[in-house]
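Below is a short briefing on one protein model.

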Amino acid sequence: MACQLILLNGPRSGTVFDFQQPSFWLGRDPRSEMAFDPLTDLTVSGRHCEIRLLGDAYSIVDASSNGTFLSGQA
């Protein structure tokens, strides 16, 4: 099952990311599958969150100190 993320804000607004793997990380850490700029994306933690496939749906797991929001909700 594929997962598609679309950036809605910031300098890369409109950028689309497609993921096929069952889990992946987002954050400023360069090892993240979706890496943010460590110098400009200061509200994003190094290992901000993990997206995991659970059954037939993806779930987000907050690992940040800044909080993770999805559709405007924490």
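The points that follow are grouped by topic.

The structure is a predicted model. Its largest pocket holds about 980 Å³ of space, and 30 residues line that pocket. I6, L8 and V16 make a nonpolar surface patch.

**Largest pocket**
- Among the 30 lining residues, I6, L7, L26, F36 and F69 are the closest to the centre of the pocket.
- At least two lining residues come from each of three strands: β1, β5 (49–54) and β6 (57–62).
- Sorted by class, the lining comprises 17 nonpolar residues, 11 polar residues and two charged residues.

**Nonpolar surface patch**
- The patch formed by I6, L8 and V16 has an area of about 290 Å².
- One of its members, L8, sits in the loop that runs between β1 (3–6) and β2 (16–19).
- L8 counts as exposed because its relative accessible area is 67%, and the cut-off for exposed is over 50%.
- I6 belongs to this patch and is also one of the residues closest to the centre of the largest pocket.

**Loop between β3 and β4**
- P30 lies in the loop between β3 (23–27) and β4 (34–35).
- With a relative accessible area of 72%, P30 is exposed.
- P30 and C49 are separated by 19 residues in sequence, and their C-alpha atoms are 14 Å apart in space.

Definitions and conventions. Residues are numbered from 1 along each chain as its sequence is written. This is a predicted model: local features need pLDDT of at least 70, side-chain atom pairs count only at pLDDT 80 or more; totals for chains, interfaces and linings use all residues. Side-chain values use heavy atoms; hydrogens and water are left out. Patches are made of residues with over 30% relative accessible area and no salt bridge: like charges are joined within 9 Å, nonpolar side chains (Val, Leu, Ile, Met, Phe, Trp, Tyr) within 5 Å. Accessible areas come from the Shrake-Rupley method with a 1.4 Å probe; for residues, only the protein chains shown count as cover. A salt bridge is a side-chain nitrogen of Lys or Arg within 4 Å of a carboxyl oxygen of Asp or Glu. Helices (H or I, at least four residues) and strands (E, at least two) are DSSP runs, numbered from the N terminus. Buried means under 20% relative accessible area, exposed over 50%, partly exposed in between (1.4 Å probe, protein chains only). On a 1 Å grid over the protein atoms alone, a cavity is a set of points where a 1.4 Å probe fits but cannot get out, and a pocket is an open set with protein on both sides within 12 Å along at least five of seven lines; lining residues have an atom within 4 Å of a point. Grid points are joined across faces, edges and corners, and a volume is the space filled by probe spheres set on the points. Ala, Val, Leu, Ile, Met, Phe, Trp, Tyr, Cys and Pro count as nonpolar, Asp, Glu, Lys and Arg as charged, and the others, Gly among them, as polar.
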